[in-house]
Amino acid sequence: MLATKRLLSALALTLIGTTAAQAADEVVVYSSRIDELIKPVFDAYTKKTGVSVKFITDKEAPLMQRIKAEGANATADLLLTVDAGNLWQAEQMGILQPFTSPVIDANIPSQYRASSHAWTGLSLRARTIVYSTERVKPSELTTYEALAGKEWEGRLCLRTSKKVYNQSLTATLIETHGAEKTEEILKGWVKNLSTDVFSDDTALLEAINAGQCDVGIVNTYYYGRLHQQKPDLKVKLFWPNQADRGVHINLSGIGLTQHAPHPEAAKKLVEWMTTPEAQSIFADVNQEFPANPKVEPSKEVAAWGKFKADTLPVEVAGKRQAEAIRMMDRAGWN
Amino acid sequence: MAHPAQRRWYPLVFAIAALVLLPLSVLLLSWQSIDQQIWSHLWDTQMPRLLGNTLTLILGVGTGVTLLGVSLAWLTSLCEFPGRRWLDWALMLPFAIPAYVLAFVFVGLLDFAGPVQTLMREWFGSGLRLPRVRSTGGVILVLVLVFYPYVYLLARSAFLAQGKGLMEAARVLGQSPWQAFWRVALPMARPAIGAGVALALMETLADFGAVSVFNFDTFTTAIYKTWYGFFSLSSAAQLASLLLLAVMLVLYGERRARGANRASNERPRVKALYTLRGFKAVAASGWCFLVFACAFVIPVLQLVVWFWQRGRFDLDERYAGLIVHTLYLGGLAALVTVCVALLLAFARRLAPTRPIRAGVGLANLGYALPGSVLAVSIMLAFSYLDRELVIPLSTWLGGAGKPLLLGSLSALLLAYLVRFLAVAYGPLESSLARIRPSLPEAARSLGVSGPRLFFKVYLPLLLPGTLSAALLVFVDVLKEMPATLLMRPFGWDTLAVRIFEMTSEGEWARAALPALTLVLVGLLPVIGLIRRSAHRNS
């Protein structure tokens, strides 16, 4: 009997090929931030502590589904995503495990964390206005809302509404102005479009540079990357809504999974990621703003100037995401 | 009533069908609850436009691949004109380019801010503009250029297999080349052309990568939006099962249209039937070269330029790993998939009972689903198996009681199997059909049976078809993205994964490095495919 059992398990092992043997001093991360933006941080952690960090990258929705499907047999300790909307959804799906940590509370301001402590932001990105330095004077610009005005007819470029960044921006508009006024603003934007919406922010910046349109809305790091490649870019950043609520902020953040196999090691990693040492690497590889206010952004990012940021808790983006998508559809924003 | 020998095939075929049915049943289970808010929203604001777009795309791509595939196959297989010898195989090369890569190359090259329009503005001022590339016409053009090789490959072998007797008979009876084409060659090649168009349309319906570069909304993009935006996987699965229903109708129609037509098995031609001269020869060369240039030369050149500008700085020692993983996965998946498809093809031939035919039909459905939806269904099915089967079994055996399927290499290979079984099955079935039953019967009467019959009689005859099947699966696995992303074991990044990471950040130029490597790696098997199909008629 025992021999049969052994034989069977040997056979099973060959069929399965790899086995998921897990070492004690490791942390497993599912990430929708891509390899080159996270590996430097994890490598630094491994070098410092000896704890190895394994990760796979994919879009957030499939990763969340995988965590949910694995349930109690989880392999992932941490879920790292971009956009607060995604983190909020993960929280709603019940795949995150809230935990409080004095280190995180001290390092990250509360509007960049879940009120339930299910996740914390690590880096910030501003979704702001960009304009052509050839055809627009910065004095003509004021707010996001003003881009719906008649003077911008045929001059505006937008990215697709299918991107979560635009959904989050719309969600905060709804939170600020209410549904009716926001829908009017969206309709105004769509009416002002100079061409079909783009599938990514970089293409939008290139379009402004080439003269296809005059203004647009992008995440700052796309501008940073393109500017690095093309220093003579005829496009500049503008910080809108400085007289009222400030620039729309979103984040990239991390949460502990419900059934994390190495919860203690994972919490330590998250805590470390909020410290100045990690914050600089994490934000600087992608020209983002560190979520820890005590950490200075990189020199390139600092050169864009200081601005007033919206203090609305970012989890609003998640709460109003579905509403925002429906509204964007109604407004004809593809 | 099935013969007992036939019934021996049942467990095997049903087990394979069950494997494919497992993820499909996940889709059906999604209908347990319906999210009315999402459905009424989709219905009110999205559906008419999405269905209109999808229908336009299907009609446009269907017409386009038929025109391109058939005209090119006709020219290269029956006519002689300058350049025919190399264009004959060169026209297959675009098969190595993934649709999403051609899409981002075309948009990058031809959009307003791209190099072509920028040059035009510099030379001629801003008055002169190209038609918008990010438009319905643009999407159709790109998809036609990536998917026409399916029709070309199948139509070409059909034309070649028609032999010289028939066309010469048509000529003797006073038919002009055109009349002979319309009345003899085309009707006889119709099953092959139909099969090619069906493959191209299934790819079109399931495509997400290319259409999202154009931001062209189709039924499939709505599936993704419902999942990624509304986070309603069940509504997305419901939409996907509707898409599957549409695909089943297309396939059924294709099978019906194929009817009783059988490819004939004449002696092949040695010489070209029509030698083109003068204007006709120039037009034929020009047309073939134009297609080859647009579908292959220009995109590859653009990738090389981007690689030089940006991609080369990313080249590091990790690339070796990416290439090895890509090849390893493609090779293993091709092996597994072809073996299983062979079993199915034999079952279908030796035991053509109704249950077997149904089982084989079901096993071939995986190809039609959008990749991510299939990937997540497979993942859900595997995690269910892990929970209900693997963990109890492993605990009973004294093991660790850990899930073994999800996140393992074998799970990924099974996912590829489910997705690409149909790709391998097609060529195998048709090459098996070409072996007359009298041949194995004669072998049997000479006392050859069992494994010897397979290795001595069937295998040598099936080898060409088997190779085609393996190469098709291999190239498809190289290009596959969603299942690889979701189910790869830790550390198993492939070239397609790298392309995803770059394009998801809008870094087109940097995606050129993995894309170019993928095209180069995929070219070798495609060239193998061409050499093999060229051998047959020499």
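Of the contacts in chain B between residues at least 6 apart in sequence, 82% join residues at least 24 apart, a contact being a pair of residues whose C-beta atoms, placed from the backbone, lie within 7 Å. The model is predicted, and local features need pLDDT of at least 70, side-chain atom pairs count only at pLDDT 80 or more, while totals for chains, interfaces and linings use all residues. Residues are numbered from 1 along each chain as its sequence is written, and chains are lettered from A in the order in which they are written.

Chain B contains 22 helices and two strands, assigned as DSSP runs (H or I, at least four residues, for helices; E, at least two, for strands) and numbered from the N terminus. Its radius of gyration, 24 Å, is close to the 24 Å that the globule rule gives for 538 residues, so chain B is as compact as a globular protein of that length; the radius is taken over C-alpha atoms, and the rule is 2.2 Å times the number of residues to the power 0.38. Buried residues account for 50% of the 538 in chain B, where buried denotes 20 or more other C-beta atoms within 10 Å of the residue's own.

Helix 2 of chain B, residues 10-29, bends by about 35° at B:Leu22, with the proline B:Pro23 following within four residues. The bend is the angle between axes fitted to the seven residues ending there and the seven starting there. Buried residues of this helix include B:Val13, B:Ile16, B:Val20 and B:Pro23.

Between the chains, 48 residues of chain A are in contact with 45 residues of chain B. Helix 8 of chain A gives the largest share of chain A's side, seven residues.

Conventions:
A residue is buried if 20 or more other C-beta atoms lie within 10 Å of its own, exposed if 12 or fewer, and partly exposed in between; C-beta atoms are placed from the backbone. Two residues are in contact if their C-beta atoms, placed from the backbone, lie within 7 Å.
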